[in-house]
Amino acid sequence: MSEATLHIPTAVRTQTAIASLGPVAWARANLLGSWWSTAVTLLLGYIILRVIVGVVEWGLIHAIWTVPYSANGIADTLVCQAAKGTGACWAVLVDKYRLILFGRYPYAEQWRPAIVVLLFVGLYIVSGLRRFWRKELLLVWIVVLAAIGVLMWGGVFGLSEVTEDNWGGLPITLILATFGAAFSFPLAVLVALGRRATKLPAVKILCVLYVEIIRGVPLIAVLFMASVMFPLFMPAGVNVDKLLRAQIAFILFAGAYLAEVVRGGLQALPPGQAEAADALGLSYWQKTGFIILPQALRLVIPPLVNTFIGFFKDTSLVLIIGIFDLLTMGKVALSDPPWQGFSTEVYLGLASVYIAFCFAMSKYSRGLERDLNRSRAR
Amino acid sequence: MADTTADPRLAAPRAAPRRRMRLSWADPVFRAVVWQVLIVGVVVAIAWYLIRNTNENLAARHIATGFGFLGRVAGIPIGESLIPYNPASDTYGTALLIGVLNTLDIAIIGIILATILGTLIGIGRLSKNWLLAKLTGFYVETLRDIPLLLQLLFWYTVLQGMPGPKQAWHLGDAAFLSNRGLKLPRLEWQTAHTWALVAFVAGLIVTWFCTRRAHERQDATGVRPAVWPVAVGVLVVLPLIVWAALGAPFTLELPALRGFNFQGGLTLAPEYFALLLGLVTYTASYIAEIVRSGIQAVPLGQWEASRALGLSSGAILRRIVLPQALRVIVPPMTSQYLNLTKNSSLAVAIGYQDVVSIANTTLNQTGQAIEGIAYIMAVFLLISLSISLFMNWYNARIALVER
């Protein structure tokens with residue numbers, strides 16, 4: 001932890017100076033700055049090189065992409081078994097990617113969940129572009145979510161009906177995360193407002209209890225509650241689908257976390273705004289809807305995106321209560337006897353899907369934060 | 001007349017007149033009461049509806065509520081336990097207690113290791129060495145973007161895929177990594193060690209008093225007496241003398257391969273090791289970002305000013321930068337500690353028997369769903385509350401004292 005190893009936020013000057021001096025000077029400054037830095041560079045360089053060579057050999061050179069199939073359609077994985085340890089068996093992903101991505105959705109109808117995934121991605125992109133940040137966006141969300149419901153369930157417009165039991169894979173992950181965020185957001189705004197309503201002590205206590213209890217327990221406890229206790233809560237004869245129960249648990253869980261984010265925005269707003277609205281004679285809901293929320297929510301968009309990334313990853317926990325999301329489908333694919341033991345390949349495939357979504361979102365969130373801060377800096 | 005024209009500022013301050021509530025929608029006080037009655041009423045009605053349904057369902061399924069099942073014999077086999085446990089004779093109460101201890105075990109060790117690893121990586125990201133900075137950046141970016149559960153499953157399969165005990169990876173004769181987990185040497189604990197530990201704790205108390213004295217003296221005279229000779233004496237030399245006086249026993253119990261498995265030594269079972277590995281590496285990626293932003297939050301002028309004062313780089317870090325960085329670091333660090341503790345409940349997916357896992361088995365065996373979940377929630381609320389209280393106390397201690 002000596003001073004030499006710490007790189008304090010550099011002034012722009014040094015960076016331009018280094019750039020103008022060419023690669024040798026750059027390397028001297030950034031890789032071989034001191035004997036300590038040189039040692040670190042050599043050691044890390046050696047390790048990285050070894051790892052890269054190993055990964056390329058395992059993942060590309062010795063990798064097996066396809067395997068022969070026996071007459072009854074069962075994969076013959078002898079080649080893969082033989083190459084185990086020296087080469088990756090990507091054939092498992094080639095063989096199982098439809099199952100992993102779309103679950104047990106009828107094979108001929110799998111274009112529907114594929115479109116659903118594209119719709120979700122499109123929805124994220126449209127919501128992310130600032131030129132679309134207007135009231136009509138709410139309408140777009142309602143229309144797209146409804147279209148997603150129609151595509152998944154079917155039963156209208158000549159689409160065959162597919163029940164929730166047959167859904168699986170990436171659409172489940174996206175549905176849990178997106179519907180969870182969409183429905184928990186209004187709840188979160190109300191709870192955040194309730195928590196700051198000093199004139200309504202009873203409501204405030206209710207909101208504080210809700211937020212603190214949910215945030216104090218792990219998501220698994222909430223999911224267990226949905227899967228084990230929820231059936232007890234319902235009157236006899238009423239059976240709520242497992243996916244819906246998990247979705248409700250997710251909404252309640254996300255609501256508490258989002259409420260804290262929204263509360264942060266409400267607190268960051270100067271009190272003069274509310275006082276000015278009061279002085280103009282606006283009612284509570286006029287004040288909140290036209291003055292407070294538009295400013296407070298704008299402040300917390302980056303943390304909202306970060307919280308959403310968290311939910312996206314947290315959806316994988318439904319594995320524990322037996323819902324067939326992306327991660328669960330990966331495990332299901334691995335339980336197929338010929339493919340047992342190729343978990344590294346499948347887990348890497350799953351990880352790359354999660355990384356693709358999360359990395360795009362976190363990159364976006366950071367860019368947004370920079371932009372919003374730039375506009376505030378004078 | 002004179003009264004009405006008198007300057008109101010000269011009059012004694014009066015309390016605002018108590019206004020009586022009017023039964024009108026235009027009165028904000030009345031509105032507030034109506035809203036609260038309405039909202040609380042709706043919540044109570046929903047709760048009552050759910051409780052009534054639950055009671056009916058429980059009656060229909062002949063499930064008796066209550067914690068009476070805690071006294072029954074559990075019969076749950078538990079692999080790892082910090083207290084003696086026998087599935088044939090011990091009760092659900094004991095099994096659930098073991099679950100809590102296991103959760104605390106993984107949480108405490110995980111928090112310590114994640115803090116160390118995260119701090120190192122966070123400092124690495126600020127390194128002047130381009131390769132180190134990029135590599136640690138890559139670590140943070142990748143691990144944060146993969147669900148923890150996926151990482152845990154990955155580590156668990158990796159550990160299960162390790163070679164058997166006979167072909168175990170080993171570090172001399174001391175440490176073995178095989179599909180039976182990680183084996184480490186263990187110190188054979190003897191009375192001399194206990195007394196040395198007692199001496200060390202006594203040394204801690206003495207050091208604390210000396211530090212306080214030194215503070216008082218510095219406040220009074222401006223000269224700070226050196227504490228470190230006393231600290232070294234009572235923290236290192238004294239326990240060593242005690243240990244040596246009692247015969248200086250030191251024997252390590254090494255794990256040894258006998259038949260198909262290892263005997264002796266300290267064992268980290270694959271479940272425990274995978275959970276620890278996953279929790280530590282995942283949480284460290286968040287802690288690294290917190291540490292980095294904390295150090296960057298200290299203005300550059302602070303470094304320059306302390307260098308201008310001629311402080312050594314160690315002193316700059318210890319006395320100037322860290323105290324300021326900690327103020328930024330501690331609050332988000334608290335929530336990471338809470339997250340790690342809550343995330344340890346993912347143990348249920350890889351078969352480490354923490355409180356969630358044992359409570360889940362219990363509720364499956366007894367059908368006491370409500371009690372089981374209430375137990376899990378109570379335990380985690382208690383742990384969360386304790387960590388929050390401790391970290392709030394620490395935060396208040398290091399917070400900027402404004403005069």
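Chain B puts 56 residues into its contact with chain A, and chain A puts in 50 residues; two residues touch here if their C-beta atoms, placed from the backbone, lie within 7 Å. Helix 2 of chain B contributes the most to the side of chain B that touches chain A, with 13 residues. This is a predicted model, in which local features need pLDDT of at least 70 and side-chain atom pairs count only at pLDDT 80 or more, while totals for chains, interfaces and linings use all residues. Residues are numbered from 1 along each chain as its sequence is written, with chains lettered from A and ligands numbered from 1 in the order in which they are written.

**The contact, seen from chain B**
- Helices that each supply at least two residues of the side of chain B that touches chain A include helix 2 (28-60), helix 10 (313-343) and helix 13 (369-398) of chain B. Helices (H or I, at least four residues) and strands (E, at least two) are DSSP runs, numbered from the N terminus.
- By class, the side of chain B that touches chain A holds 37 nonpolar, 14 polar and 5 charged residues. Ala, Val, Leu, Ile, Met, Phe, Trp, Tyr, Cys and Pro count as nonpolar, Asp, Glu, Lys and Arg as charged, and the others, Gly among them, as polar.

**Domains**
- Chain B splits into domain 1 (27-62), domain 2 (92-188 + 251-398) and domain 3 (191-244), with bounds from an automatic or database domain assignment.
- In chain B, the C-alpha centres of domain 1 and domain 2 are 41 Å apart.
- Chain A has domain 1 (3-49) and domain 2 (107-376), and their C-alpha centres lie 42 Å apart.

**Chain A as a whole**
- Chain A has 16 helices and 0 strands, and its C-alpha atoms fill a box of roughly 75 × 70 × 40 Å along the principal axes.
- Of the 378 residues in chain A, 32% are buried; buried means 20 or more other C-beta atoms within 10 Å of a residue's own, exposed 12 or fewer, and partly exposed in between, with C-beta atoms placed from the backbone.

**Strands of chain B**
- Strand 1 (residues 169-171) of chain B pairs antiparallel with strand 2 of chain B over 3 bridges; a pair needs at least two bridges found by DSSP.
- L171(B) is opposite A175(B) in strand 2 of chain B, and in the hairpin of these strands, with 3 residues between them, G172(B) has a positive phi near 60°.
- Strand 2 (residues 175-178) of chain B also runs antiparallel to strand 3 (residues 181-184) of chain B, joined by 3 bridges, and a hairpin of 2 residues links the two.
- F176(B) faces K183(B) across that pair, while S178(B) has G181(B) as its bridge partner.
- F176(B) and S178(B) form the covered face of strand 2 of chain B, and A175(B) and L177(B) the uncovered one.
- Strand 3 of chain B then pairs antiparallel with strand 8 (residues 266-268) of chain B over 3 bridges, where L184(B) is partnered by L266(B).

**Helix 7 of chain B**
- Helix 7 (residues 228-245) of chain B has 18 residues and reaches 24 Å from first C-alpha to last, close to the 26 Å expected at 1.5 Å a residue; the expected span is 1.5 Å times one less than the number of residues.
- A kink of about 35° lies at V237(B), shortly before the proline P239(B); the bend is the angle between axes fitted to the seven residues ending at a residue and the seven starting there.
- V236(B) also lies in helix 7 of chain B, and V236(B) is exposed because 12 other C-beta atoms lie within 10 Å.
- G247(B) follows helix 7 of chain B, with a positive phi near 100°.
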